[in-house]
Amino acid sequence: MRVSVQFYSYFKDLTGCAQTEESAAEGSTLADFLKKLFERFPGLAAMERSMLVAVGVDYQPRGYVLKDGDEVSLFPPVQGG
Amino acid sequence: MKRQLTITNQPIDEAALLSERCVSDGMGAVIYFLGVVRGAEGEKSISAIEYEAFQKMVERQFHLLFDEMEKRWPIESVRLVHRVGVVKVNEPSLWVEVVAPHRGEAFAACQWLIDEMKRVVPIWKKPIS
(Lines give C-alpha, C1' and ligand atoms only; values in the text may rest on other atoms or scores of the structure.)
Protein backbone atom coordinates (compact mmCIF):
# COMPACT_ATOMS: atom_id res chain seq x y z
CA MET A 1 0.00 0.00 0.00
CA ARG A 2 1.02 3.61 -0.48
CA VAL A 3 1.22 5.99 2.44
CA SER A 4 1.56 9.74 2.06
CA VAL A 5 4.01 11.53 4.32
CA GLN A 6 4.18 15.21 5.25
CA PHE A 7 7.12 16.96 6.89
CA TYR A 8 6.91 20.12 8.94
CA SER A 9 9.29 22.74 10.28
CA TYR A 10 13.00 21.95 9.77
CA PHE A 11 12.18 18.37 8.82
CA LYS A 12 11.45 19.84 5.37
CA ASP A 13 15.08 20.98 5.23
CA LEU A 14 16.36 17.61 6.42
CA THR A 15 14.43 15.75 3.73
CA GLY A 16 14.45 18.38 1.00
CA CYS A 17 10.67 18.11 0.56
CA ALA A 18 7.39 18.96 2.26
CA GLN A 19 5.64 15.75 1.29
CA THR A 20 6.24 12.43 -0.35
CA GLU A 21 4.84 8.93 -0.67
CA GLU A 22 6.29 5.65 0.48
CA SER A 23 5.16 2.08 0.12
CA ALA A 24 4.41 -0.05 3.17
CA ALA A 25 3.71 -3.75 3.48
CA GLU A 26 0.31 -4.81 4.83
CA GLY A 27 0.44 -4.91 8.62
CA SER A 28 3.35 -2.46 8.87
CA THR A 29 3.56 -0.47 12.04
CA LEU A 30 4.66 3.14 12.23
CA ALA A 31 7.98 1.88 13.62
CA ASP A 32 8.49 -0.31 10.53
CA PHE A 33 7.52 2.55 8.28
CA LEU A 34 9.86 5.00 9.99
CA LYS A 35 12.76 2.58 9.60
CA LYS A 36 12.10 2.54 5.87
CA LEU A 37 11.86 6.32 5.72
CA PHE A 38 15.14 6.71 7.62
CA GLU A 39 16.92 4.68 4.93
CA ARG A 40 15.58 7.08 2.33
CA PHE A 41 16.12 10.21 4.44
CA PRO A 42 19.13 9.54 6.70
CA GLY A 43 18.97 13.06 8.14
CA LEU A 44 15.72 12.17 9.89
CA ALA A 45 17.17 9.19 11.75
CA ALA A 46 19.05 11.38 14.23
CA MET A 47 15.75 13.03 15.17
CA GLU A 48 13.98 9.77 15.94
CA ARG A 49 13.80 10.19 19.71
CA SER A 50 12.32 13.67 19.70
CA MET A 51 10.24 13.22 16.54
CA LEU A 52 6.47 13.54 16.87
CA VAL A 53 4.35 11.35 14.62
CA ALA A 54 0.73 11.84 13.65
CA VAL A 55 -1.62 9.91 11.42
CA GLY A 56 -4.27 12.22 10.06
CA VAL A 57 -4.77 14.80 12.83
CA ASP A 58 -4.01 12.55 15.83
CA TYR A 59 -0.77 11.51 17.46
CA GLN A 60 -0.14 7.78 17.23
CA PRO A 61 2.30 5.45 19.00
CA ARG A 62 5.03 3.65 17.07
CA GLY A 63 3.01 0.42 17.30
CA TYR A 64 0.11 1.84 15.28
CA VAL A 65 -0.69 -0.43 12.29
CA LEU A 66 -0.89 1.57 9.08
CA LYS A 67 -3.91 1.44 6.82
CA ASP A 68 -4.16 2.13 3.14
CA GLY A 69 -4.66 5.86 2.55
CA ASP A 70 -3.20 6.95 5.90
CA GLU A 71 -1.53 10.33 5.93
CA VAL A 72 1.53 10.33 8.17
CA SER A 73 3.01 13.58 9.44
CA LEU A 74 6.46 13.86 10.98
CA PHE A 75 7.68 16.90 12.86
CA PRO A 76 9.97 18.14 15.62
CA PRO A 77 8.71 19.15 19.10
CA VAL A 78 6.11 21.88 18.84
CA GLN A 79 6.74 25.50 19.85
CA GLY A 80 3.50 27.46 19.79
CA GLY A 81 2.87 30.67 21.71
CA MET B 1 -18.37 25.69 27.61
CA LYS B 2 -18.30 28.18 24.76
CA ARG B 3 -15.15 28.01 22.70
CA GLN B 4 -13.73 30.18 19.97
CA LEU B 5 -10.53 29.31 18.14
CA THR B 6 -8.91 31.53 15.53
CA ILE B 7 -5.71 30.73 13.66
CA THR B 8 -4.88 33.76 11.55
CA ASN B 9 -2.16 35.46 9.58
CA GLN B 10 -3.69 38.83 10.47
CA PRO B 11 -2.65 40.98 13.47
CA ILE B 12 -4.52 40.20 16.70
CA ASP B 13 -7.14 42.93 17.22
CA GLU B 14 -7.34 43.15 21.01
CA ALA B 15 -9.90 45.98 20.97
CA ALA B 16 -12.28 43.92 18.83
CA LEU B 17 -11.79 40.85 21.01
CA LEU B 18 -12.52 42.84 24.17
CA SER B 19 -15.62 44.41 22.65
CA GLU B 20 -16.95 40.93 21.81
CA ARG B 21 -16.52 39.67 25.38
CA CYS B 22 -19.58 37.93 26.75
CA VAL B 23 -19.84 37.14 30.48
CA SER B 24 -22.92 35.82 32.29
CA ASP B 25 -24.04 36.93 35.79
CA GLY B 26 -22.58 33.91 37.56
CA MET B 27 -19.04 34.52 36.38
CA GLY B 28 -16.58 36.27 38.70
CA ALA B 29 -13.32 35.92 36.80
CA VAL B 30 -12.20 36.99 33.36
CA ILE B 31 -8.52 36.67 32.64
CA TYR B 32 -6.63 37.01 29.45
CA PHE B 33 -3.07 36.38 28.43
CA LEU B 34 -1.15 37.97 25.63
CA GLY B 35 1.99 36.29 24.28
CA VAL B 36 4.31 38.78 22.60
CA VAL B 37 7.31 38.16 20.34
CA ARG B 38 10.54 38.99 22.18
CA GLY B 39 13.43 40.75 20.46
CA ALA B 40 15.87 37.93 21.13
CA GLU B 41 16.03 34.17 20.83
CA GLY B 42 18.63 33.05 23.30
CA GLU B 43 21.39 35.65 22.96
CA LYS B 44 20.65 36.47 19.33
CA SER B 45 18.65 39.54 18.35
CA ILE B 46 15.76 38.93 16.01
CA SER B 47 13.28 41.12 14.15
CA ALA B 48 10.39 38.67 13.92
CA ILE B 49 9.27 35.06 14.25
CA GLU B 50 7.67 33.10 11.47
CA TYR B 51 5.03 30.69 12.77
CA GLU B 52 4.20 27.56 10.80
CA ALA B 53 1.13 25.48 11.61
CA PHE B 54 -0.31 22.13 10.59
CA GLN B 55 -3.70 23.80 10.49
CA LYS B 56 -6.10 20.84 10.54
CA MET B 57 -4.21 19.16 13.34
CA VAL B 58 -3.91 22.45 15.25
CA GLU B 59 -7.70 22.71 15.28
CA ARG B 60 -8.13 19.08 16.33
CA GLN B 61 -5.57 19.32 19.16
CA PHE B 62 -6.94 22.60 20.50
CA HIS B 63 -10.44 21.15 20.62
CA LEU B 64 -9.16 18.09 22.48
CA LEU B 65 -7.55 20.47 24.99
CA PHE B 66 -10.78 22.46 25.31
CA ASP B 67 -12.65 19.17 25.95
CA GLU B 68 -10.22 18.36 28.74
CA MET B 69 -10.46 21.89 30.18
CA GLU B 70 -14.23 21.52 30.34
CA LYS B 71 -13.86 18.32 32.35
CA ARG B 72 -11.37 19.82 34.80
CA TRP B 73 -12.80 23.28 35.52
CA PRO B 74 -16.22 24.98 35.43
CA ILE B 75 -15.21 27.29 32.61
CA GLU B 76 -17.93 29.32 30.90
CA SER B 77 -15.90 30.22 27.84
CA VAL B 78 -12.48 30.11 26.27
CA ARG B 79 -11.32 32.19 23.34
CA LEU B 80 -7.93 31.70 21.76
CA VAL B 81 -6.24 33.42 18.84
CA HIS B 82 -2.87 32.29 17.48
CA ARG B 83 -0.98 34.03 14.72
CA VAL B 84 0.71 32.20 11.87
CA GLY B 85 3.12 33.66 9.36
CA VAL B 86 5.55 36.44 10.21
CA VAL B 87 4.98 38.23 13.54
CA LYS B 88 7.26 41.17 14.29
CA VAL B 89 8.98 41.81 17.62
CA ASN B 90 6.59 43.41 20.17
CA GLU B 91 3.53 42.12 18.30
CA PRO B 92 1.27 39.57 19.96
CA SER B 93 1.36 36.03 18.64
CA LEU B 94 -1.12 34.55 21.11
CA TRP B 95 -4.24 35.81 22.88
CA VAL B 96 -6.14 33.62 25.32
CA GLU B 97 -9.20 34.50 27.42
CA VAL B 98 -10.84 32.30 30.04
CA VAL B 99 -14.11 33.14 31.82
CA ALA B 100 -14.91 31.21 35.00
CA PRO B 101 -16.81 31.62 38.28
CA HIS B 102 -13.63 32.20 40.34
CA ARG B 103 -10.10 33.42 39.67
CA GLY B 104 -8.40 30.23 40.87
CA GLU B 105 -9.93 28.05 38.20
CA ALA B 106 -9.56 30.76 35.54
CA PHE B 107 -5.82 31.16 36.19
CA ALA B 108 -5.28 27.42 36.50
CA ALA B 109 -7.16 26.62 33.31
CA CYS B 110 -5.39 29.32 31.30
CA GLN B 111 -1.95 28.26 32.54
CA TRP B 112 -2.74 24.61 31.82
CA LEU B 113 -4.05 25.39 28.33
CA ILE B 114 -0.92 27.30 27.35
CA ASP B 115 1.39 24.65 28.81
CA GLU B 116 -0.45 21.90 26.94
CA MET B 117 -0.52 23.95 23.74
CA LYS B 118 3.28 24.09 23.86
CA ARG B 119 3.35 20.31 24.24
CA VAL B 120 0.87 19.05 21.65
CA VAL B 121 -0.38 21.73 19.25
CA PRO B 122 1.64 21.53 16.01
CA ILE B 123 2.91 25.06 15.59
CA TRP B 124 6.59 25.87 15.09
CA LYS B 125 8.68 29.01 15.30
CA LYS B 126 11.43 30.18 12.99
CA PRO B 127 13.32 33.27 14.18
CA ILE B 128 14.04 35.93 11.56
CA SER B 129 17.14 38.09 12.08
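These legends walk through a few close-up views of a predicted model.

Residues are numbered from 1 along each chain as the sequence is written, while chains are lettered from A and ligands numbered from 1 in the order they are written. Because the model is predicted, local features need pLDDT of at least 70 and side-chain atom pairs count only at pLDDT 80 or more, whereas totals for chains, interfaces and linings use all residues.

**View 1. Chain A on its own.** Chain A has three helices and five strands (DSSP runs: H or I of at least four residues for helices, E of at least two for strands, numbered from the N terminus). Along the sequence they come in the pattern β-α-β-α-α-β-β-β. The C-alpha atoms of chain A fill a box of roughly 35 × 25 × 20 Å along the principal axes.

**View 2. Ser9(A) in its loop.** Ser9(A) sits between strand S1 (2-7) and helix H1 (11-15) of chain A. Its phi is near 55°, a positive value in a residue other than glycine. Buried or exposed, then, for Ser9(A)? Ser9(A) counts as buried, because it has 20 C-beta neighbours inside 10 Å (buried takes 20 or more other C-beta atoms within 10 Å, exposed 12 or fewer, and partly exposed is in between, with C-beta atoms placed from the backbone). Across chain A, buried residues make up 25% of the 81 residues.

**View 3. Asn90(B), another loop residue.** Asn90(B) lies between strand S7 (85-88) and S8 of chain B. Here too phi is positive in a residue other than glycine, near 80°. With 10 C-beta neighbours inside 10 Å, Asn90(B) counts as exposed.

**View 4. Two helices of chain B, H2(B) and H3(B).** These helices pack at an angle of about 150°, with their axes 10 Å apart (axes are lines fitted to C-alpha atoms over the stretch in contact, and angles run from 0 to 180 degrees between N-to-C directions). That makes H2(B) roughly antiparallel to H3(B), a label for angles over 145 degrees. From H2(B), Gln61(B), Leu65(B) and Met69(B) meet residues of H3(B), including Leu113(B) and Met117(B).

**View 5. Where chain B touches chain A.** In this view, 18 residues of chain B are in contact with 11 residues of chain A (contact means C-beta atoms, placed from the backbone, within 7 Å). H2 (55-72), S8 (92-100), H3 (103-120) and S9 (123-128) of chain B each supply at least two residues of the side that touches chain A. H3(B) gives the most, with four residues.

Methods: Two residues are in contact if their C-beta atoms, placed from the backbone, lie within 7 Å. Angles under 35 degrees count as roughly parallel, over 145 as roughly antiparallel, 65 to 115 as roughly perpendicular and the rest as oblique.
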